[in-house]
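Dear colleague,

Please find below the sequence and the structure that I am handing over to you. My findings follow directly after them.

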Amino acid sequence: MKIVVLVKHVPDAQFDRHLTGPGNTTDRDESILSELDEYALEAALQLSEARGGAKAGNEVIALTMGPAGAVNAVKKSLQIGASSGAHLSDDALAGSDAAATSLALAAAIRYLGADSPVDLVLTGMASTDGETSLVPAQLAERLGLPQVTFASFLEVDGERIVARRDGDAHADTVEATLPALVSVTDQINEPRYPNFKGILAAKKKKITALTLADIGVDAAQVGAAGSLTAVETAEARPPRTAGTIITDEGDAGIKLVDFLAAQKLL
Amino acid sequence: MAKALVFIDNPGAALKKSSLELLTIARSLGEAAVAVNGELRDDVVGALGANGASAVYRPSATDLDDYLVAPKAAYLAAAVEASGAGTVLLENTADGKDIAARLGVKLTAGVITDVVGVDADGTAHKSVLAGSYTTTAKARTAVAVLTVKPNSVDVEAPAAAATPEVVTIDVPADATANAARVTGRAQKPVSGRPELTEARIVVAGGRGVDGNFEPLEELADALGGALGASRAATDAGWIGHDYQVGQTGKTVSPQLYISAGISGAIQQKAGMQTSKVIVAINKDAESPIFEIADFGIIGDLFKVVPQATEEIKKRRG
């Protein structure tokens, strides 16, 4: 089985995050592998291992798109267990919105499937920076693949995929056949951590560097120029400040109701 | 005149508040039209007209719910073309965003998600990076696709009702070709409380509730609010994942958020810090939640919460 997992290098949400520059794009200092992508990688590794792993010819390729530093998301994925990596990087990609990103990633996935077809594209449910969750569905549309998004359970039996998609009103069982695109939620598994052996093994794994020319995409189709949306203004919200803090002396519940009444919230 | 098309998936017997909100926005952008999927009752057509819809589109196929989003996007693309709409408005749900995403590719249209306001010129307002920035964004294309969060506008009635023309749109023959099939559907129990993302008041519990959400449920019911939870509480299995507020759960922005036994790590804050008023109850005075609380109580939630519930009931007689 040949699986491509999309991984994104995103600003660490533990720190303050900022929008910068004329395009109001995300400042990528202090970045890490997007937490939500770890679930997709874990799902890929479990599928590969259940089929005998790399020894049996299964492949898990971690693909990222982004500036030089984004390769760290691929390196981390290799340490966790991906078999190889690919890093699409080109100055013209800067400022890409979801449409431009999905266009470039679709071309990169086609490139990775040129020698042997890709059976499954796995992604997280959203990036933890842009958070639009548009890219998985747009990739399915562009690649003509069945789309199984927001899967909280996934089973692949031969060519048949069975997944569960939890909505507010109902939980659906969804079926599709390979090749397909699946995005997974944080409910699907417990991602593993890289171990010492994995960290050493990662150094020998191959990372393919890709440019727009390699994947046959014109610079005008991507980046700020090729994006279909523009962020026109960005304003930092003033940080919330602490209000009144009291210690319960036996009547805090009543004081709470006094506060709600004063705020006209009762 | 500019036209805005609202997508309503399975309108059912009566229009939901979120649909009326989308119609209110559509009218502020120009002429409003609606594309529905699923059963379309005559009285619903009437209600859509009363809310200013000049046309109602429906698909030629009745089996779109048997597939995951793809054929709905194909149908909606055809409806956009038939209507000549310049803006498409959808709910900001998982399905709404997935349909919007595919529609964007089909029509080469810019898609903006998590919208909380739309100006008359189509500029969309949203909150990003866990509420730390507010941005405005605009589609650079002939058609703009916006997914709008609930409670973004006050529902208004139009100056004049319309008598909508009902038009059937042919669903493209290949719409279901590569679509995943929905083969089973389990309805979830209905709580009777307001929907979490739409509620005016949310009462949420975390690790500190130690498996017992009962006091919080009673407070939520006394206030007519929704129940929420932190990831620690849902991961512990004390309450369903549907209740999770946070980065990987739901983002809420109610008038009042009462946080009990939640430390307030970034994962939780990301989902609730745009709430109007935040009340926090926690035993640990060092909890980060107190940094963003308008009213904080250092104390035992099992004493404070029931006392507050009793006091509310008493004051209401």
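**Strand pairing across the two chains**

Thr244 of chain A stands opposite Phe295(B), a residue of β15(B). Please note that this is a predicted model. The two strands concerned are β15(A) and β15 of chain B, residues 295–298, which pair in the parallel sense over four bridges.

**The interface**

The contact between the chains involves 63 residues of chain A and 72 residues of chain B. On the side of chain A that touches chain B, the elements giving two or more residues are α3 (98–112), α4 (135–143), β9 (147–157), β11 (170–177), β14 (229–236), β15 (244–247) and α8 (252–262) of chain A. The most comes from β14(A), which gives eight residues. By residue class, this side of chain A divides into 30 nonpolar, 20 polar and 13 charged residues.

In soluble globular proteins, nonpolar side chains tend to be buried together. Here the largest nonpolar core has 138 residues, and those with the most contacts inside it are Val5(A), Ala104(A), Ala108(A), Val182(A) and Val6(B). α3(A) gives the most to this core, with eleven residues. As for Val182(A), its contacts beyond the neighbours within four places in sequence are Leu120(A), Leu122(A), Val148(A), Ala151(A), Leu154(A), Ile161(A) and Ala163(A). There is also a second, separate core of 46 residues, which includes Leu216(B), Tyr243(B), Leu256(B) and Ile297(B).

**Chain B as a whole**

Chain B contains eight helices and 15 strands. Its radius of gyration is 21 Å, close to the 20 Å that the globule rule gives for 317 residues, so chain B is as compact as a globular protein of that length. The C-alpha trace of chain B spans about 60 × 40 × 40 Å along its principal axes. Of the 317 residues of this chain, 57% count as buried. Among contacts in chain B between residues at least 6 apart in sequence, 66% join residues at least 24 apart.

**Helix α1 of chain A**

Helix α1(A), residues 35–50, has 16 residues and should span 22 Å at 1.5 Å a residue; its end C-alpha atoms are 23 Å apart, which agrees. The helix is mostly covered, with twelve of its 16 residues buried. Among the buried residues are Leu36(A), Tyr39(A), Leu41(A) and Leu45(A), and also Asp37(A), Glu38(A) and Glu42(A). After α1(A) comes Gly52(A), whose phi is positive, near 100°.

With kind regards

Note on methods: Residues are numbered from 1 along each chain as its sequence is written. Chains are lettered from A and ligands numbered from 1 in the order in which they are written. This is a predicted model: local features need pLDDT of at least 70, side-chain atom pairs count only at pLDDT 80 or more; totals for chains, interfaces and linings use all residues. Two residues are in contact if their C-beta atoms, placed from the backbone, lie within 7 Å. Ala, Val, Leu, Ile, Met, Phe, Trp, Tyr, Cys and Pro count as nonpolar, Asp, Glu, Lys and Arg as charged, and the others, Gly among them, as polar. Two strands pair if DSSP finds at least two bridges between them. The radius of gyration is taken over C-alpha atoms; the globule rule is 2.2 Å times the number of residues to the power 0.38. A residue is buried if 20 or more other C-beta atoms lie within 10 Å of its own, exposed if 12 or fewer, and partly exposed in between; C-beta atoms are placed from the backbone. A nonpolar core is a set of buried Ala, Val, Leu, Ile, Met, Phe, Trp, Tyr and Cys residues joined through C-beta atoms within 7 Å. The expected span of a helix is 1.5 Å times one less than its number of residues.
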